[in-house]
2 protein chains.
Amino acid sequence: MKTLQLDLGERSYPIYIGADLIGRADLTTPHVSGERVAIVTNETVAPFYLGRTSAAFAAYNPIDVVLPDGEKYKTLDVLNRIFDALLKNRCDRRTTLVALGGGVIGDMTGFAAATYQRGVPFIQVPTTLLAQVDSSVGGKTGVNHPLGKNMIGAFYQPRAVIVDTSSLNTLPDRELSAGLAEVIKYGLIRDAEFFAWLEQNIDKLLTRDTNVLAYAIERSCRNKAEVVTADERESGVRALLNLGHTFGHAIETGLGYGEWLHGEAVGAGMALAADMSRRLGWLRDADVARIQRLLQRARLPVNAPAPMTPERFMDLMSVDKKVQAGKLRLVLLKGIGEAVITDKFPATALDETLRAARAA
Amino acid sequence: MKTLQLDLGERSYPIYIGADLIGRADLTTPHVSGERVAIVTNETVAPFYLGRTSAAFAAYNPIDVVLPDGEKYKTLDVLNRIFDALLKNRCDRRTTLVALGGGVIGDMTGFAAATYQRGVPFIQVPTTLLAQVDSSVGGKTGVNHPLGKNMIGAFYQPRAVIVDTSSLNTLPDRELSAGLAEVIKYGLIRDAEFFAWLEQNIDKLLTRDTNVLAYAIERSCRNKAEVVTADERESGVRALLNLGHTFGHAIETGLGYGEWLHGEAVGAGMALAADMSRRLGWLRDADVARIQRLLQRARLPVNAPAPMTPERFMDLMSVDKKVQAGKLRLVLLKGIGEAVITDKFPATALDETLRAARAA
């Protein structure tokens, strides 16, 4: 087991990474405060891991909240089901929530923890690759709104993140690829050496080589932790983690949540960002080709889906959280391993990118 | 105009108190960040004050969100209408929300600000006495749940509180009395001299003597600011501000939100707390009589409503935010001007208090 530390002063916490960690009371117990635990999970994950997780918290009389599975359930209404369960079970302020599942469960449980009785502690137990390398780390929590993804939420840090790499054995292939999109992202924005390593090891990742996966997770978490430590509330460098996300969120909202997985939309979004960077003269053709090839080998889309016209993209991107003073800001690439956030680009470059993305 | 300062480090903010402050752009403008303002109010307040408020923010292209009036609308569903309006109007992260109304509007708008795009600034413009002396100051925000009051929320401080005492001219008598409950509360928990002053001046308050009201508001806000400065997140002394609230919240939830006004329920709750303190031998009969008399002169209830059986009280109070380890903690009185929070009381004292409260 490896332990990384996310250093945020009094809000610091450990990230444990290793095999068979779910169910280890010695890891979880030190991070519970209060007398009660509530485990939030979904119908897909519960049959595999809820029993072992409950056992690890047996000393805290745990209750379960089992939600339906999927991005389309990441809503205020479904969030309210968590509150219903907590109140029906008389959970007081000294209750610790546990998020057992992928990004949707982690984001919703974290937001429930941020707002139940004005704030209770929570622990992340991510069971998808995407949640393990990205969404469970860093304290972004929230739900979607029909008009925009993650529009309602809070920055609220967990007390610990427990990454059980064995849980990836039950992950569907499509979800594995979606998680690889966020892994590749770290290479693109700040870790060129890792990008090259991914080019060497992508096939082993797809066949779920245990050691290779564990290394990719650890290096991703290390990158994430460094960025979040430098800028917890996204006033600067943290925005670079959104490479591909402005395009990606528009795809997710535009198609209807859950049609494409988040990681798939981010994969296509990164391909668009690379193409636009090339059009601006910032990225060489050869680098764009490397990026597209790695995404494709990871079985991720590199084009926008047919319903996403340039007009629809522009409409949906106008409510992006990075918009400032009515100006859209995008994360683009100046090279593999070097991202920038900018509103200084000709509108034509964006328009051409969106047109080409669909035609391709 | 008086200016108090709530000192919370980088989250410090001014409380302006005076006549005809609504509409004064010189007070509001320095506290706007970004380019856009969204004013949230309700159907009752809008005809009186929305025009002038919008004029004060004219430079920021303000949008209005007009909600229905009443405690029963302080829900996640109605909160979502604020998000709908913000997103439809393409409000980005650099939007400042303005809460124009009573406690319900202030609490909901504050919570919307805490969670819209993970946090935008907001300004409180309270127009009821209760909001001016209590709920607009100190950063408690949130909504109700059918099983418990204020169960979903966040600590989130405004950038400024603008108390226009002239707005009380349009306040219904019943709302004025409800606000006086929180004013009396400060006297009871920490300011015996103010309690005696209130005994002298209660009739002038009820006839809305401008100077007397302004003094009561200022002294209340000063008390509130001192407590919040000492304990922003209610890990200690701030809990004393909940005198009467555990009983009161049970009444509000038990009767259905909006049947009794919040201040009315708190008035009855403080009478119960005084009676229970007497039963414990902590408060003299003469002091209990003074408390009851002042509440009655303020036209507040001093008994529990008929539907609230002791069993119903106990059931509803079991989810109170001050419950710890399954033990109910109550704010009680050791004298006028001296409150304590305690779980050390015989169950019989509470039971007798609840039985007597209903029979009376």
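1. α9(A) crosses α10(A) in a right-handed sense. This comes from a predicted model. The helices span residues 245–255 and 262–279 of chain A, respectively. Their axes lie 7 Å apart, at an angle of about 135°. The pair is therefore oblique.

2. Which residues of α9(A) meet α10(A)? They are A:His245, A:Thr246, A:Phe247, A:Gly248, A:Ile251 and A:Glu252. Facing them in α10(A) are A:His262, A:Ala265, A:Val266, A:Ala268, A:Gly269, A:Leu272 and A:Ala273. By class, this contact has 7 nonpolar, 5 polar and 1 charged residues.

3. A:Leu168 sits in a loop of chain A, between β9 (160–164) and α6 (173–190). Is A:Leu168 buried or exposed? It has 21 C-beta neighbours inside 10 Å, and the cut-off for buried is 20 or more, so A:Leu168 counts as buried.

4. Leaving aside residues up to four places away in sequence, A:Leu168 touches A:Leu129, A:Arg208 and A:Leu213. A:Ser318 is 150 residues from A:Leu168 in sequence. Their C-alpha atoms are 36 Å apart in space.

5. Between the chains, 31 residues of chain A contact 30 residues of chain B. On the chain A side, the elements giving two or more residues are α3 (76–88), α4 (103–115), β7 (140–145) and β8 (148–155). β8(A) supplies the largest share, 6 residues. The chain A side divides into 13 nonpolar, 10 polar and 8 charged residues.

How values were computed: Residues numbered from 1 in each chain as written. Chains lettered and ligands numbered in written order. Predicted model: local features only at pLDDT ≥ 70, side-chain atom pairs only at ≥ 80, totals over all residues. Contact = placed C-beta atoms within 7 Å. Helix = DSSP H or I, 4+ residues; strand = E, 2+ residues; numbered from the N terminus. Nonpolar A, V, L, I, M, F, W, Y, C, P; charged D, E, K, R; others polar. Axes fitted to C-alpha atoms, helices over the stretch in contact; angles between N-to-C directions. Parallel < 35°, antiparallel > 145°, perpendicular 65-115°, else oblique. Left-handed = near helix turned anticlockwise from the far one by under 90°. Buried ≥ 20, exposed ≤ 12 C-beta atoms within 10 Å, placed from the backbone.
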